[in-house]
Amino acid sequence: MTLNKFNLPDVGEGLTEAEIVSWKVKPGDAVAINDVLCEIETAKSLVELPSPFAGTVTELMVPEGATVDVGTAIISVSDTMSGDPTPADAPLPPVPDAEPTPMYGKLKDDGEAGVSGLAAGPLVGSGPKADAVKRRPRKTGHVIPADAMHGAPEVEPVQPRSAEEVLADGPASAGPVAGPAVTRRPEWTPAVETDKPTFGGAISGLMNRVLAKPPVRKIARDLGIDLADVVATGARGEVTREDLVSYQAQRDAELDKADTFWGTSGRPQEQRIERIPVKGVRKATAKAMVESAFSAPHVSIFVDVDASRTMEFVKRLKASRDFEGIKVSPLLILAKAVIWAAARNPSVNATWVDNPDGSDSAEIHVKHFMNLGIAAATPRGLMVPNIKNAQDLSLKELALALNELATTARAGKTQPAQMQGGTLTVTNIGALGIDTGTPIINPGEVAIVAFGTIKQKPWVLDGEVIPRWITTLGGSFDHRVVDGDLSARFMADVAAILEEPALLLD
């Protein structure tokens with residue numbers, strides 16, 4: 001029997017250490033090549049480590065929560081499967097033919113990552129939703145609840161239950177029949193919106209819906225969960241019961257605990273201080289922000305924008321057959337606007353490079369490609385993954401990329417490679433109800449755009465005060481590269497697209 005020790009690898013460029021977050025195996029378990037051994041948190045993301053060996057786990061050499069250097073042995077695996085009576089030198093069973101799998105930093109494939117576009121949750125500032133969908137009026141008399149199965153009888157109202165009861169038992173059982181059953185459309189048929197114009201030849205008023213089976217919808221309704229906010233992991237991009245369990249657990253952890261926060265006043269103050277170690281993503285973010293704030297001279301400017309036509313455009317995209325199943329928000333139009341404006345003002349898509357010998361000479365590297373960074377709030381802190389070569393993507397392809405980025409980030413599966421090489425960043429703080437801010441430039445870049453909330457405000461148009469959808473853009477720039485004139489022209493170009501998205505057709 002041969003004992004193989006697996007050393008902590010460098011899963012990203014220049015990684016020096018990582019924390020063992022959780023083990024997925026225990027001593028005595030049989031593992032095959034590429035089975036996940038553990039999850040580690042690097043300075044950039046949460047990464048699953050697959051096994052390079054097949055055999056039996058003999059020892060976990062590092063406990064959960066420990067931070068170890070790259071190259072440290074973390075687990076030992078014997079080359080004999082558990083319970084295998086064959087001698088140690090017996091050949092291992094052949095591994096079935098399969099598509100080669102990367103050893104580290106594996107991303108989910110299309111089926112796993114939900115490329116259908118059902119994003120799991122909001123990016124930082126995905127912006128408010130457009131006007132609510134108008135559903136067709138219900139039939140009078142006895143009707144079936146909206147989430148009942150096709151042809152099922154109406155059920156009597158049930159008493160609300162706690163989140164634990166709902167998730168433990170599933171949907172409440174049906175009560176006695178209260179009236180004749182009414183046949184309704186199948187569950188998967190999208191609701192149709194009337195009196196809406198078509199877009200690009202799409203069927204008038206076809207609206208998107210989050211995919212979920214009736215029992216799952218029942219649980220979500222009982223818990224007060226908006227299915228659009230849940231990470232969808234089903235085979236067809238549908239929300240599953242397990243997705244609701246995960247979402248509810250996270251939501252419970254974020255509940256307001258003000259009543260118990262201050263603790264017992266009789267205890268010494270030293271015992272009423274919570275100490276949180278700074279490590280992983282938080283440590284790396286703090287270091288990068290300090291370096292950026294004190295090395296790049298920031299200058300910020302702001303502009304109010306009438307985004308009413310952007311909101312109308314987003315509604316038309318949602319109604320389009322071409323965008324069926326794809327989550328669309330004003331962030332999509334802003335991303336396209338930033339790409340368009342950067343082409344007209346290239347120096348905002350650049351990097352300031354000091355001479356490595358320490359002399360005063362430096363270079364400005366203007367990049368003729370756009371790796372568009374999108375700041376994303378995740379359970380492990382703020383991350384800024386970027387969309388590679390965003391300038392080459394169509395509007396639909398960019399929407400899919402934003403959806404996949406959001407799903408991956410919310411699931412904590414963003415890989416280090418996805419956060420490297422960014423050229424310009426958008427931070428969308430509008431989802432938090434914030435009008436604007438002065439963001440800190442992402443290290444290695446010279447510009448960042450903050451997208452504030454979009455809400456109706458009184459606006460003067462053609463001499464009349466009318467309600468319009470207004471937002472405020474904030475931009476921060478490295479004044480070594482981007483002077484006041486250039487930053488103003490860039491922000492004006494971004495604002496012009498939000499005010500009139502048709503300019504993108506030029």
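Colleague: Which residues of α10 are called buried?

Modeller: This is a predicted model, and in it the buried residues of α10 are L486, S487, F490, M491, D493, V494, A495, I497 and L498. They are called buried because each has under 20% relative accessible area.

Colleague: What covers the buried residues of α10?

Modeller: The cover includes the strands β9 (298–306), β16 (424–428), β17 (447–451) and β19 (464–478), together with the helices α7 (308–319) and α8 (330–344).

Colleague: How do you know what span to expect of helix α10?

Modeller: The expected span is 1.5 Å times one less than the number of residues; α10, residues 484–499, has 16 residues, therefore 22 Å is expected, and the helix reaches 22 Å from its first C-alpha to its last, which is close to that expectation.

Colleague: What makes β1 and β8 a pair?

Modeller: Pairing requires at least two bridges between two strands, and β1 and β8 (residues 73–78) have five, in the antiparallel sense, so they count as paired. Within this pair, L3 stands opposite S78 in β8.

Colleague: Why is β3 said to pair with β6?

Modeller: Two bridges join β3 to β6 (residues 55–60), and because at least two are required, the antiparallel strands qualify. The partner of A30 is T56 in β6. Four bridges join β6 to β8, also antiparallel, with V57 bridged to V77 in β8.

Colleague: In what order do the four strands of the open sheet lie?

Modeller: The order is β1-β8-β6-β3, with antiparallel pairing, and β1 (3–7) and β3 (30–31) are the edge strands, since each pairs on one side only.

Conventions:
Residues are numbered from 1 along each chain as its sequence is written. This is a predicted model: local features need pLDDT of at least 70, side-chain atom pairs count only at pLDDT 80 or more; totals for chains, interfaces and linings use all residues. Side-chain values use heavy atoms; hydrogens and water are left out. Buried means under 20% relative accessible area, exposed over 50%, partly exposed in between (1.4 Å probe, protein chains only). Contact means heavy atoms within 4.5 Å.
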